[in-house]
Amino acid sequence: MKYPEVRNYINGEFVPSITNRTLDVISPIDGTILSKTPLSGPLDLDDAVAKAQQAFLIWSKVPIKERVQVFYRYKALLEKNITALSELISEENGKTFDEAKAEIEKSIELTEFACSLPQMIGGEILEVSRGVECRSEVCPVGVVASIVPFNFPSMVPHWTIPNALALGNTMILKPSEVVPLSAMRIAGLLREAGLPAGVFNVVNGDRSLVEAICDHPGIDTLSFVGSTKVAKIVYARAASKFKRALALGGAKNHLVVLPDANPSMTAANVAASMSGCAGQRCMAASVMIAVGDCEAIIGLVCAEAKKIIPGKNLGSVISGAAKERIENFITEAENQGARILVDGRNVIVEGKENGFYVGPTVIDQVSPGMSVVNEEIFGPVLSIIRVNNLDEALAIENSNPYGNAAAIYTQSGGMAKYLADNASAGMIGVNIGVPVPREPFSFGGWNDSKFGVGDLTGKSSIHFWTKLKKITTKWNPEAGINWMS
Ligand code: NAD
C-alpha cells in the first residue's frame, strides 16, 4: 500500500474507525492498491456528531468576519500545496494531472467566495410601524452533513465546506469510499489553517453510513451529490426525518449544433466536453443534436476526438466495472444500428495494462429511445442525433428526465436565446460545452438532476446553509400603542 490506512477525522484528530470493515482504495490508473478505507458505522457517526454539536456552540457565535479568516489562510494553503493535491486526485480518481489541477483551482475559487460572504449576508432593517423596527439576520442551521461522489474528490466537497462553515455551521463530510484520500488532505489543511477542532469532521463509509446520516437526529441539514437513483433515496429518507435536504443527481447533457456554428471552435469544444475527466462529469456533453447539415462539423469532432489519447491527455474511468458498463453501452448501440465513428473500446495503455481506460467514442445515427440516449453513461462517449430544426432538437432535450445542462453552438443570437428560453435545464451554454456557472452564480440543475429547493453553491447556498431570524423592536414609549403592541 502506497499510503497509510485512511482514518476518520473527528474533533481535530485522525482516528481509526470503531468498525473493522474496510475497502481497498485502488488507483484506476494502473490497478495498484493505494490504501484501505474504513467503512464506518453508527458509533463513529455518533461520536462525530457529538463533537460537531459541541463545536457548534462556540463556532456559531464567532463573528463571520473572524470565521472567514480561516478560509483566507486555507486558500493560501491550497495554493501552496496545489501540485501535491493534484497528484493525489489523479492517483485516486484517474483523471489527468491538468484536470486535477483545474479541480483545485476551482476549489480555490469556491474558498474565495466563502471569504466574501461577510459582504453578502448583511440582514435588512426597516421601520415597519411608528417607532417599531424590524430586522432580519441569517443564523447557521447547526450540524450539517455533506455526502459526495467519486468524480471530483476535491471540488464537490468544496461546493459545501467553505460556505457551510463560514456561515457558522459545523460539518460531517462523507467522502466517496472509492476516493477517500483527498478528504484527509482537506481536513489536514483546514486544521493547519486554524479551524477549531470539531467544526469539520470526516467519517468514511458506504451506503449504510449514508443511511445513518439521513436518520441521525443530531444532523439538521444534509446535502448530497451523486447519481439520481441515490439522490432520490437520500432526499426522501432525509425529508422523512424532517431534515432540510438538497440532493443533486445525475445528468444527460445535450449540445445542440446548428450549421452556422463556428466549425473549429465547436468541434474542439464538443470533443473536450464529452471526454474531459473521461466523461465522468455531471456537466459532460453526452448527446450532440445536429440540426440540418452539420456534416463538416461532425467530421471535425471525430478528428478532435482522435487527438485525445488514453493515458496521455485522457485519464482512466473509475473502475473495471465502469469500463465494462460503458463499453456495453457502445456495443448495444452498434447492435441497434448506430454507426461507431470513433471507437474507444478495448483500449490498453502501455505500461498501465491494469488501468481502466476507455478511449473517446463518437456514435452517429443514434435515435431517441436507444439506451445511449436515455441513460447516463458517465464515460467519454458522444451520441449524435440528427434532426431538421431547433424545435425538434428542443423536443428531444426536453423529453430527457434530467436537467443539468444544455448548450447550443450557433452564431445566431436569436437561435441561442430560443434555446436558452425553452430548454428544460438549470444551466445553459451558448458556445460553451461545459456551462458551469462561476462564483457568485449558483450551480444546480433541474428535473431529475436536483431534488430540493435552491442551489448548492454561490449566492443561493446562503439560504440553504442558514435560517432567517426576524427581530421586531420598539424602544420608545412615545410610539404609543397600536395593533402591534
Ligand atoms: P453514487 O450515487 O453512487 O454515490 C454518491 C454517494 O452516495 C457516495 O458517497 C456513496 O457512498 C453513496 N451511496 C452510493 N450508493 C448508495 C445507496 N444505495 N444509498 C445511500 N448512499 C449511497 O454516485 P457516484 O458514482 O459516486 O458519482 C457519480 C454520479 O454523481 C453521477 O451520476 C454524476 O452525474 C453524479 N454527479 C452529479 C453532480 C451534480 O452536480 N448534479 C455532480 C457530480 C456528480
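The largest cavity holds about 110 Å³ of space. This is a predicted model, where local features need pLDDT of at least 70 and side-chain atom pairs count only at pLDDT 80 or more, while totals for chains, interfaces and linings use all residues. Residues are numbered from 1 along each chain as its sequence is written, and side-chain values use heavy atoms, with hydrogens and water left out.

A word on terms. On a 1 Å grid over the protein atoms alone, a cavity is a set of points where a 1.4 Å probe fits but cannot get out; a pocket is an open set with protein on both sides within 12 Å along at least five of seven lines; and lining residues have an atom within 4 Å of a point. Grid points are joined across faces, edges and corners, and a volume is the space filled by probe spheres set on the points.

By this rule there are four cavities of 30 Å³ or more. Around the largest cavity are 15 lining residues, and Gly279, Arg281, Ala284, Ser286 and Phe378 lie nearest its centre. By class, that lining has eight nonpolar, four polar and three charged residues. Here Ala, Val, Leu, Ile, Met, Phe, Trp, Tyr, Cys and Pro count as nonpolar, Asp, Glu, Lys and Arg as charged, and the others, Gly among them, as polar.

Now the pocket. The largest pocket has a volume of about 1,200 Å³. Its lining has 44 residues, with Phe150, Phe224, Gly226, Ser227 and Val230 nearest the centre. They divide into 23 nonpolar, eleven polar and ten charged. Which helix gives the most to this lining? H8 does, with six residues. Helix H7 (207-215), strand S10 (221-225), helix H8 (228-240) and helix H11 (320-335) each supply at least two. Helices (H or I, at least four residues) and strands (E, at least two) are DSSP runs, numbered from the N terminus.

Next, the sheet. Seven strands form an open sheet with mixed pairing, in the order S14-S15-S16-S13-S12-S17-S18. Strands S14 (339-342) and S18 (427-430) are at the edges with a single partner strand each, so one side of each is left without a neighbour in the sheet. From one strand to the next, the twist averages 20°. Two strands pair if DSSP finds at least two bridges between them. S12 (residues 253-257) and S17 (residues 405-409) pair in the parallel sense over four bridges, and Leu255 has Ala407 of S17 as its bridge partner.

Helix H9 (residues 263-275) packs on the sheet, and its direction makes about 160° with that of S17. Helix H13 (residues 390-399) lies across S12, S13, S16 and S17, at about 155° to S13. Axes are lines fitted to C-alpha atoms, for helices over the stretch in contact (heavy atoms within 4.5 Å), and angles run from 0 to 180 degrees between N-to-C directions.

Last, a helix pair. H2 (residues 64-80) and H5 (residues 155-166) have axes that come within 8 Å and cross at roughly 150°. They are therefore roughly antiparallel to each other; angles under 35 degrees count as roughly parallel, over 145 as roughly antiparallel, 65 to 115 as roughly perpendicular and the rest as oblique. Among the residues in contact are Phe71 and Tyr74 of H2 and Ile161 and Pro162 of H5.
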